[in-house]
Amino acid sequence: MTRVRILNLFSTILFRDLLLGVRNQSELVNPLIFFIMVITMFPLSIGPEQSALMQISPAIVWVAAVLASNLTIDGIFRSDYEDGSLEQMILSPHSGFTLVMAKILAHWLLAGVPLIIMVLMAGPFLYLPDYALQTLFYTLLLGTPVLSLIGAIAGGLTMGVRSSGMLQALLILPLIMPLLIFSVSAVNNAMKGLPVTGELYFLAAILVLALTLAPIAVFSALKIRLSE
Amino acid sequence: MSNIPEPSLTVNGLNCYRYDKAFFRGLSFTAGAGKLLQIEGENGSGKTTLLKVLCGLIETDEGEILWCGKSIYSVIDEYRGELHYLGHKNGIKAGLTCLENLKVLSALGNQITTNAYSAVLRRYGLGGYDNIYAYTLSAGQKRRLSLARLAVNQTRLWILDEPFTSLDEKGKNDMKRVFQDHLKANGIILLTSHDNIQWKDIDVTRIQL
(Lines give C-alpha, C1' and ligand atoms only; values in the text may rest on other atoms or scores of the structure.)
Protein backbone atom coordinates (compact mmCIF):
# COMPACT_ATOMS: atom_id res chain seq x y z
CA MET A 1 0.00 0.00 0.00
CA THR A 2 2.72 2.45 0.92
CA ARG A 3 4.66 1.44 -2.18
CA VAL A 4 1.66 2.23 -4.33
CA ARG A 5 1.32 5.61 -2.64
CA ILE A 6 4.98 6.44 -3.09
CA LEU A 7 4.83 5.49 -6.77
CA ASN A 8 1.69 7.55 -7.10
CA LEU A 9 3.40 10.50 -5.43
CA PHE A 10 6.46 10.12 -7.66
CA SER A 11 4.41 10.07 -10.83
CA THR A 12 2.16 12.91 -9.65
CA ILE A 13 5.08 15.21 -8.91
CA LEU A 14 6.86 14.21 -12.12
CA PHE A 15 3.75 14.81 -14.18
CA ARG A 16 3.07 18.09 -12.38
CA ASP A 17 6.54 19.43 -13.12
CA LEU A 18 6.42 18.32 -16.74
CA LEU A 19 3.03 19.94 -17.15
CA LEU A 20 4.26 23.18 -15.61
CA GLY A 21 7.39 23.07 -17.75
CA VAL A 22 5.49 22.52 -20.98
CA ARG A 23 3.01 25.27 -20.10
CA ASN A 24 5.79 27.72 -19.30
CA GLN A 25 7.50 27.48 -22.64
CA SER A 26 9.85 30.41 -22.34
CA GLU A 27 11.73 28.74 -19.51
CA LEU A 28 11.99 25.63 -21.62
CA VAL A 29 13.15 27.35 -24.80
CA ASN A 30 15.45 30.11 -23.48
CA PRO A 31 18.34 27.82 -22.49
CA LEU A 32 18.09 26.04 -25.83
CA ILE A 33 18.27 29.30 -27.73
CA PHE A 34 21.28 30.28 -25.62
CA PHE A 35 22.88 26.94 -26.46
CA ILE A 36 22.27 27.35 -30.20
CA MET A 37 23.62 30.90 -30.08
CA VAL A 38 26.90 29.79 -28.51
CA ILE A 39 27.27 26.86 -30.88
CA THR A 40 26.63 28.93 -34.01
CA MET A 41 28.78 31.85 -32.94
CA PHE A 42 31.95 29.79 -32.83
CA PRO A 43 32.01 28.73 -36.50
CA LEU A 44 31.14 32.30 -37.45
CA SER A 45 33.89 33.87 -35.39
CA ILE A 46 36.65 31.30 -35.85
CA GLY A 47 35.99 30.78 -39.51
CA PRO A 48 34.74 27.70 -41.24
CA GLU A 49 38.06 25.85 -41.41
CA GLN A 50 37.36 22.27 -40.68
CA SER A 51 40.53 21.44 -38.79
CA ALA A 52 40.28 24.29 -36.29
CA LEU A 53 36.61 23.68 -35.57
CA MET A 54 36.98 19.95 -35.22
CA GLN A 55 39.62 20.45 -32.58
CA ILE A 56 37.58 22.67 -30.31
CA SER A 57 34.00 21.61 -31.05
CA PRO A 58 33.71 18.98 -28.26
CA ALA A 59 34.79 21.62 -25.77
CA ILE A 60 32.38 24.17 -27.20
CA VAL A 61 29.45 21.80 -27.00
CA TRP A 62 30.19 20.84 -23.42
CA VAL A 63 30.87 24.36 -22.18
CA ALA A 64 27.68 25.56 -23.86
CA ALA A 65 25.74 22.69 -22.32
CA VAL A 66 27.05 23.48 -18.83
CA LEU A 67 26.28 27.17 -19.16
CA ALA A 68 22.83 26.51 -20.60
CA SER A 69 21.97 24.12 -17.79
CA ASN A 70 23.22 26.75 -15.35
CA LEU A 71 20.44 28.98 -16.61
CA THR A 72 17.79 26.44 -15.68
CA ILE A 73 18.73 25.38 -12.18
CA ASP A 74 17.19 28.44 -10.61
CA GLY A 75 13.82 27.22 -11.80
CA ILE A 76 13.98 23.82 -10.11
CA PHE A 77 12.87 24.99 -6.69
CA ARG A 78 12.43 28.76 -6.72
CA SER A 79 8.81 28.99 -7.81
CA ASP A 80 7.81 26.11 -5.52
CA TYR A 81 9.54 27.89 -2.67
CA GLU A 82 7.87 31.19 -3.39
CA ASP A 83 4.30 29.91 -3.63
CA GLY A 84 4.59 27.56 -0.65
CA SER A 85 4.26 24.28 -2.56
CA LEU A 86 7.67 23.21 -1.33
CA GLU A 87 6.60 23.62 2.29
CA GLN A 88 3.70 21.28 1.61
CA MET A 89 6.00 18.79 -0.09
CA ILE A 90 8.53 18.74 2.73
CA LEU A 91 5.71 18.24 5.23
CA SER A 92 4.48 15.22 3.33
CA PRO A 93 4.68 12.00 5.34
CA HIS A 94 6.29 10.27 2.37
CA SER A 95 10.01 10.13 1.96
CA GLY A 96 11.70 13.27 0.76
CA PHE A 97 13.87 11.14 -1.51
CA THR A 98 10.86 10.38 -3.73
CA LEU A 99 9.97 14.03 -4.06
CA VAL A 100 13.48 15.16 -4.80
CA MET A 101 14.08 12.41 -7.36
CA ALA A 102 10.81 13.18 -9.12
CA LYS A 103 11.70 16.85 -9.36
CA ILE A 104 15.22 16.15 -10.60
CA LEU A 105 14.01 13.65 -13.20
CA ALA A 106 11.47 16.19 -14.43
CA HIS A 107 14.22 18.79 -14.68
CA TRP A 108 16.42 16.44 -16.68
CA LEU A 109 13.59 15.58 -19.06
CA LEU A 110 12.83 19.27 -19.57
CA ALA A 111 16.34 20.67 -19.70
CA GLY A 112 18.77 17.83 -20.39
CA VAL A 113 17.01 15.78 -23.05
CA PRO A 114 16.21 18.71 -25.38
CA LEU A 115 19.87 19.70 -25.12
CA ILE A 116 21.01 16.25 -26.22
CA ILE A 117 18.65 16.31 -29.18
CA MET A 118 19.93 19.76 -30.08
CA VAL A 119 23.53 18.55 -30.06
CA LEU A 120 22.72 15.69 -32.39
CA MET A 121 21.20 18.18 -34.80
CA ALA A 122 24.09 20.65 -34.48
CA GLY A 123 26.79 18.01 -34.91
CA PRO A 124 27.23 18.48 -38.69
CA PHE A 125 27.85 22.23 -38.26
CA LEU A 126 30.81 21.39 -36.09
CA TYR A 127 32.35 18.88 -38.49
CA LEU A 128 32.17 16.14 -35.93
CA PRO A 129 32.74 12.73 -37.49
CA ASP A 130 30.06 10.15 -36.78
CA TYR A 131 32.05 8.20 -34.25
CA ALA A 132 32.90 11.36 -32.30
CA LEU A 133 29.30 12.51 -32.41
CA GLN A 134 28.25 9.15 -31.07
CA THR A 135 30.73 9.48 -28.21
CA LEU A 136 29.56 13.03 -27.59
CA PHE A 137 26.03 11.68 -27.38
CA TYR A 138 27.07 9.10 -24.78
CA THR A 139 28.93 11.67 -22.69
CA LEU A 140 25.90 13.94 -22.72
CA LEU A 141 23.58 11.06 -21.89
CA LEU A 142 25.69 10.27 -18.84
CA GLY A 143 26.60 13.86 -18.04
CA THR A 144 23.39 15.87 -18.27
CA PRO A 145 21.68 13.96 -15.43
CA VAL A 146 24.69 14.86 -13.28
CA LEU A 147 24.21 18.50 -14.23
CA SER A 148 20.59 18.24 -13.07
CA LEU A 149 21.53 16.47 -9.84
CA ILE A 150 24.30 18.87 -8.87
CA GLY A 151 22.27 21.80 -10.12
CA ALA A 152 19.47 20.78 -7.78
CA ILE A 153 21.84 21.01 -4.81
CA ALA A 154 22.81 24.55 -5.74
CA GLY A 155 19.21 25.43 -6.59
CA GLY A 156 18.02 24.12 -3.25
CA LEU A 157 20.70 25.95 -1.30
CA THR A 158 20.15 29.28 -3.01
CA MET A 159 16.37 29.38 -3.38
CA GLY A 160 14.95 32.49 -1.84
CA VAL A 161 18.28 34.27 -2.19
CA ARG A 162 18.09 37.25 -4.46
CA SER A 163 20.41 37.36 -7.48
CA SER A 164 21.72 33.90 -6.73
CA GLY A 165 23.21 33.27 -10.17
CA MET A 166 26.78 33.98 -9.15
CA LEU A 167 26.49 31.86 -6.02
CA GLN A 168 25.06 28.96 -8.00
CA ALA A 169 27.88 29.11 -10.51
CA LEU A 170 30.43 29.10 -7.68
CA LEU A 171 28.78 26.10 -6.06
CA ILE A 172 28.41 24.12 -9.24
CA LEU A 173 31.56 24.74 -11.24
CA PRO A 174 34.05 22.94 -8.97
CA LEU A 175 31.75 19.93 -8.75
CA ILE A 176 31.30 19.51 -12.47
CA MET A 177 34.94 19.97 -13.49
CA PRO A 178 35.59 16.20 -13.57
CA LEU A 179 32.54 15.78 -15.77
CA LEU A 180 33.81 18.36 -18.22
CA ILE A 181 37.33 16.93 -18.30
CA PHE A 182 36.33 13.32 -18.86
CA SER A 183 33.65 14.16 -21.42
CA VAL A 184 35.80 16.38 -23.57
CA SER A 185 38.74 14.00 -23.42
CA ALA A 186 36.47 11.12 -24.42
CA VAL A 187 35.31 12.95 -27.53
CA ASN A 188 38.86 14.06 -28.36
CA ASN A 189 40.06 10.47 -28.08
CA ALA A 190 37.21 9.33 -30.27
CA MET A 191 38.32 11.73 -32.97
CA LYS A 192 41.83 10.32 -32.83
CA GLY A 193 40.41 6.84 -33.11
CA LEU A 194 41.41 5.86 -29.57
CA PRO A 195 39.19 3.79 -27.27
CA VAL A 196 36.86 5.82 -25.03
CA THR A 197 35.43 3.20 -22.70
CA GLY A 198 37.66 4.32 -19.82
CA GLU A 199 36.26 7.85 -19.84
CA LEU A 200 32.71 6.62 -20.29
CA TYR A 201 33.09 4.32 -17.28
CA PHE A 202 34.34 7.25 -15.25
CA LEU A 203 31.34 9.32 -16.34
CA ALA A 204 29.02 6.47 -15.41
CA ALA A 205 30.70 6.28 -12.00
CA ILE A 206 30.22 10.01 -11.49
CA LEU A 207 26.55 9.60 -12.39
CA VAL A 208 26.08 6.80 -9.88
CA LEU A 209 27.86 8.80 -7.20
CA ALA A 210 25.69 11.86 -7.91
CA LEU A 211 22.52 9.74 -7.98
CA THR A 212 23.35 8.33 -4.56
CA LEU A 213 24.52 11.43 -2.77
CA ALA A 214 22.85 14.40 -4.43
CA PRO A 215 19.24 13.64 -3.32
CA ILE A 216 20.39 13.53 0.30
CA ALA A 217 22.17 16.85 -0.09
CA VAL A 218 19.22 18.39 -1.91
CA PHE A 219 16.74 17.30 0.74
CA SER A 220 18.92 18.65 3.54
CA ALA A 221 19.36 21.91 1.65
CA LEU A 222 15.60 22.28 1.27
CA LYS A 223 15.02 21.58 4.94
CA ILE A 224 17.61 24.14 5.95
CA ARG A 225 16.21 26.80 3.67
CA LEU A 226 12.63 26.15 4.77
CA SER A 227 13.45 26.36 8.46
CA GLU A 228 14.42 29.99 8.10
CA MET B 1 -10.31 2.59 14.13
CA SER B 2 -11.18 2.09 17.78
CA ASN B 3 -7.68 1.11 18.88
CA ILE B 4 -6.17 4.39 17.70
CA PRO B 5 -5.46 6.55 20.73
CA GLU B 6 -7.18 9.86 21.07
CA PRO B 7 -5.11 12.60 19.51
CA SER B 8 -3.32 14.99 21.78
CA LEU B 9 -0.64 17.56 21.21
CA THR B 10 1.36 18.56 24.26
CA VAL B 11 3.96 21.28 24.40
CA ASN B 12 6.30 21.40 27.38
CA GLY B 13 8.56 24.31 28.20
CA LEU B 14 9.14 25.33 24.62
CA ASN B 15 11.77 28.02 24.09
CA CYS B 16 12.56 29.61 20.81
CA TYR B 17 15.36 31.97 19.97
CA ARG B 18 15.77 33.19 16.46
CA TYR B 19 17.86 35.95 14.98
CA ASP B 20 19.25 36.70 18.47
CA LYS B 21 15.78 37.34 19.78
CA ALA B 22 13.70 35.30 22.22
CA PHE B 23 10.27 34.68 20.73
CA PHE B 24 8.68 32.65 23.46
CA ARG B 25 9.96 31.11 26.66
CA GLY B 26 8.64 28.24 28.68
CA LEU B 27 5.56 27.81 26.53
CA SER B 28 3.40 24.90 27.67
CA PHE B 29 -0.06 23.81 26.65
CA THR B 30 -2.04 20.74 25.76
CA ALA B 31 -4.52 20.37 22.95
CA GLY B 32 -6.83 17.40 23.28
CA ALA B 33 -9.37 15.86 20.94
CA GLY B 34 -12.10 18.22 19.83
CA LYS B 35 -10.26 21.37 20.88
CA LEU B 36 -9.71 24.56 18.97
CA LEU B 37 -6.76 26.65 20.10
CA GLN B 38 -6.24 30.18 18.93
CA ILE B 39 -2.74 31.54 19.27
CA GLU B 40 -2.71 35.24 19.84
CA GLY B 41 0.06 37.75 19.83
CA GLU B 42 1.22 40.99 18.29
CA ASN B 43 2.82 41.17 14.89
CA GLY B 44 6.27 39.69 15.15
CA SER B 45 5.58 37.88 18.41
CA GLY B 46 6.43 34.52 16.84
CA LYS B 47 3.04 33.02 15.98
CA THR B 48 4.12 31.76 12.60
CA THR B 49 7.41 30.53 14.04
CA LEU B 50 5.54 28.62 16.71
CA LEU B 51 3.35 26.93 14.11
CA LYS B 52 6.40 26.01 12.05
CA VAL B 53 8.04 24.57 15.14
CA LEU B 54 4.89 22.59 15.91
CA CYS B 55 4.78 21.00 12.49
CA GLY B 56 8.47 20.17 12.57
CA LEU B 57 9.70 22.57 9.91
CA ILE B 58 11.89 24.26 12.51
CA GLU B 59 13.55 22.17 15.19
CA THR B 60 13.13 23.30 18.75
CA ASP B 61 16.00 24.73 20.74
CA GLU B 62 14.64 23.69 24.11
CA GLY B 63 11.50 21.96 25.28
CA GLU B 64 9.49 19.10 23.91
CA ILE B 65 6.52 18.61 21.65
CA LEU B 66 4.57 15.39 22.16
CA TRP B 67 2.04 13.83 19.81
CA CYS B 68 -0.04 11.20 21.64
CA GLY B 69 2.67 11.16 24.30
CA LYS B 70 5.63 10.65 21.96
CA SER B 71 8.10 13.25 20.81
CA ILE B 72 7.15 14.35 17.31
CA TYR B 73 10.72 13.89 16.12
CA SER B 74 10.67 10.21 17.00
CA VAL B 75 7.45 9.61 15.05
CA ILE B 76 7.89 12.32 12.46
CA ASP B 77 6.50 10.41 9.46
CA GLU B 78 3.37 9.25 11.26
CA TYR B 79 2.99 12.72 12.78
CA ARG B 80 3.14 14.35 9.37
CA GLY B 81 0.57 11.89 8.12
CA GLU B 82 -1.76 13.20 10.82
CA LEU B 83 -1.08 16.82 10.08
CA HIS B 84 -2.33 19.53 7.80
CA TYR B 85 -0.30 22.70 7.81
CA LEU B 86 -1.45 25.76 5.99
CA GLY B 87 1.04 28.60 6.03
CA HIS B 88 0.98 32.19 4.87
CA LYS B 89 1.65 30.91 1.40
CA ASN B 90 -1.14 28.96 -0.18
CA GLY B 91 0.97 26.21 -1.71
CA ILE B 92 -0.93 26.50 -4.96
CA LYS B 93 0.66 26.45 -8.38
CA ALA B 94 -0.55 29.27 -10.56
CA GLY B 95 0.13 27.27 -13.72
CA LEU B 96 -2.14 24.40 -12.74
CA THR B 97 -5.92 24.26 -12.76
CA CYS B 98 -7.89 23.98 -9.51
CA LEU B 99 -8.47 20.30 -10.07
CA GLU B 100 -4.81 19.59 -10.82
CA ASN B 101 -3.75 21.54 -7.74
CA LEU B 102 -6.05 19.52 -5.54
CA LYS B 103 -4.83 16.24 -7.02
CA VAL B 104 -1.19 17.11 -6.37
CA LEU B 105 -1.94 18.17 -2.81
CA SER B 106 -3.88 15.01 -2.11
CA ALA B 107 -1.06 12.81 -3.45
CA LEU B 108 1.23 14.40 -0.86
CA GLY B 109 -0.93 13.26 2.02
CA ASN B 110 -1.70 9.90 3.51
CA GLN B 111 -5.36 9.06 3.87
CA ILE B 112 -7.14 10.15 0.75
CA THR B 113 -10.76 10.43 1.81
CA THR B 114 -12.35 11.30 -1.45
CA ASN B 115 -11.74 11.30 -5.16
CA ALA B 116 -14.70 13.54 -5.82
CA TYR B 117 -12.56 16.62 -6.26
CA SER B 118 -15.26 18.55 -8.09
CA ALA B 119 -17.63 18.08 -5.18
CA VAL B 120 -14.94 19.27 -2.77
CA LEU B 121 -14.36 22.37 -4.88
CA ARG B 122 -18.09 23.04 -4.91
CA ARG B 123 -18.25 22.71 -1.14
CA TYR B 124 -15.47 25.26 -0.78
CA GLY B 125 -17.22 27.76 -3.02
CA LEU B 126 -15.24 26.98 -6.17
CA GLY B 127 -17.95 25.14 -8.09
CA GLY B 128 -17.36 25.34 -11.84
CA TYR B 129 -13.71 26.31 -11.42
CA ASP B 130 -12.38 22.78 -11.98
CA ASN B 131 -10.49 23.55 -15.16
CA ILE B 132 -9.69 27.17 -14.48
CA TYR B 133 -6.03 28.07 -14.00
CA ALA B 134 -5.20 29.08 -10.47
CA TYR B 135 -3.52 32.32 -11.56
CA THR B 136 -6.90 33.67 -12.61
CA LEU B 137 -8.35 33.20 -9.12
CA SER B 138 -8.73 36.07 -6.67
CA ALA B 139 -6.78 36.05 -3.41
CA GLY B 140 -9.80 34.82 -1.49
CA GLN B 141 -10.47 32.07 -4.00
CA LYS B 142 -6.86 30.94 -3.78
CA ARG B 143 -7.22 30.73 -0.03
CA ARG B 144 -10.36 28.64 -0.47
CA LEU B 145 -8.58 26.30 -2.85
CA SER B 146 -5.78 25.96 -0.35
CA LEU B 147 -8.26 25.21 2.43
CA ALA B 148 -10.04 22.66 0.24
CA ARG B 149 -7.06 20.44 0.89
CA LEU B 150 -8.43 19.83 4.36
CA ALA B 151 -11.22 17.83 2.79
CA VAL B 152 -9.20 15.52 0.53
CA ASN B 153 -6.84 14.01 3.10
CA GLN B 154 -8.02 12.87 6.45
CA THR B 155 -5.80 14.15 9.23
CA ARG B 156 -6.53 14.76 12.87
CA LEU B 157 -4.38 17.80 13.52
CA TRP B 158 -4.86 21.02 11.61
CA ILE B 159 -2.31 23.78 12.02
CA LEU B 160 -3.52 26.85 10.20
CA ASP B 161 -1.73 30.15 9.91
CA GLU B 162 -4.24 32.95 9.43
CA PRO B 163 -6.76 30.75 7.61
CA PHE B 164 -9.25 33.57 7.19
CA THR B 165 -6.95 35.89 5.25
CA SER B 166 -8.84 37.39 2.31
CA LEU B 167 -11.94 35.27 2.96
CA ASP B 168 -15.29 37.01 2.81
CA GLU B 169 -18.01 36.63 5.46
CA LYS B 170 -19.53 33.69 3.65
CA GLY B 171 -16.15 32.03 3.37
CA LYS B 172 -15.55 32.46 7.08
CA ASN B 173 -18.92 30.91 7.85
CA ASP B 174 -18.20 28.01 5.52
CA MET B 175 -14.92 27.46 7.34
CA LYS B 176 -16.67 27.60 10.68
CA ARG B 177 -18.84 24.71 9.61
CA VAL B 178 -15.82 22.75 8.38
CA PHE B 179 -14.10 23.38 11.71
CA GLN B 180 -17.18 22.26 13.63
CA ASP B 181 -17.30 18.96 11.77
CA HIS B 182 -13.60 18.40 12.35
CA LEU B 183 -13.88 19.09 16.07
CA LYS B 184 -16.89 16.80 16.33
CA ALA B 185 -14.81 14.03 14.75
CA ASN B 186 -12.30 14.46 17.59
CA GLY B 187 -9.88 16.52 15.54
CA ILE B 188 -7.63 19.27 16.86
CA ILE B 189 -7.28 22.72 15.34
CA LEU B 190 -4.54 25.18 16.11
CA LEU B 191 -4.80 28.50 14.39
CA THR B 192 -3.55 32.01 14.48
CA SER B 193 -5.85 34.83 13.61
CA HIS B 194 -6.15 38.51 14.29
CA ASP B 195 -9.90 38.17 14.28
CA ASN B 196 -11.40 37.75 17.68
CA ILE B 197 -13.13 34.45 17.08
CA GLN B 198 -16.48 34.42 18.83
CA TRP B 199 -18.49 31.43 17.78
CA LYS B 200 -21.17 30.48 20.19
CA ASP B 201 -21.10 26.74 19.49
CA ILE B 202 -17.32 26.34 19.31
CA ASP B 203 -15.21 26.50 22.39
CA VAL B 204 -12.02 28.44 21.73
CA THR B 205 -8.99 28.17 23.99
CA ARG B 206 -6.73 31.18 23.67
CA ILE B 207 -2.97 31.11 24.06
CA GLN B 208 -1.17 34.40 24.47
CA LEU B 209 2.38 34.62 23.18
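This is a predicted model: local features need pLDDT of at least 70, side-chain atom pairs count only at pLDDT 80 or more; totals for chains, interfaces and linings use all residues.
Q: Where do I start with chain A: how many helices and how many strands does it have?
A: Start by counting elements. Chain A has nine helices and zero strands. Along the sequence the pattern reads α-α-α-α-α-α-α-α-α.

Q: What share of chain A is buried?
A: Burial is a neighbour count: 20 or more other C-beta atoms within 10 Å of a residue's own. By that test, 43% of the 228 residues of chain A count as buried.

Q: What share of the contacts in chain A comes from residues 24 or more positions apart?
A: Take the contacts with a separation of 6 or more. In chain A, 81% of these are between residues 24 or more positions apart.

Q: Turn to chain B. Which domains is it divided into?
A: Check whether a domain is one segment or several. Domain 1 of chain B is 1-82 + 156-209, and domain 2 is 86-154. Their centres, over C-alpha atoms, are separated by 22 Å.

Q: How many residues of the two domains of chain B are in contact?
A: Count each side on its own. Domain 1 of chain B gives 15 residues, and domain 2 of chain B gives twelve. On the domain 1 side, β7 (157-161) and α6 (169-184) of chain B each supply at least two residues. Helix α6(B) gives the most, with four residues. By class, that side has six nonpolar, five polar and four charged residues.

Q: In what order do the strands of the five-stranded sheet in chain B run, and is the pairing parallel or antiparallel?
A: Read a sheet by strand order, then by pairing sense. This open sheet of chain B has the order β6-β7-β8-β3-β9, with parallel pairing. Its edge strands are β6 and β9 (204-208), each pairing on one side only. Neighbouring strands are turned by 15° against each other on average, direction ignored.

Q: How many bridges pair β3 with β8 in chain B?
A: Go strand by strand. Strand β3 (residues 36-40) and strand β8 (residues 188-192) of chain B pair in the parallel sense over four bridges. Leu36(B) has Ile189(B) as its bridge partner in β8(B). Helix α6(B) lies across β3, β7 and β8 of chain B, at about 140° to β8(B).

Q: Last, the interface. How many residues of chain B are in contact with chain A?
A: Count both sides, then ask what supplies them. Here 24 residues of chain B meet 19 of chain A. On the chain B side, α2 (76-81), β6 (83-86) and α3 (98-108) give two or more residues each. Helix α3(B) gives the most, with five. By class, the chain B side has twelve nonpolar, seven polar and five charged residues.

Key. Residues are numbered from 1 along each chain as its sequence is written. Chains are lettered from A and ligands numbered from 1 in the order in which they are written. A residue is buried if 20 or more other C-beta atoms lie within 10 Å of its own, exposed if 12 or fewer, and partly exposed in between; C-beta atoms are placed from the backbone. Two residues are in contact if their C-beta atoms, placed from the backbone, lie within 7 Å. Domain bounds come from an automatic or database domain assignment. Ala, Val, Leu, Ile, Met, Phe, Trp, Tyr, Cys and Pro count as nonpolar, Asp, Glu, Lys and Arg as charged, and the others, Gly among them, as polar. Two strands pair if DSSP finds at least two bridges between them. Axes are lines fitted to C-alpha atoms, for helices over the stretch in contact, and angles run from 0 to 180 degrees between N-to-C directions.
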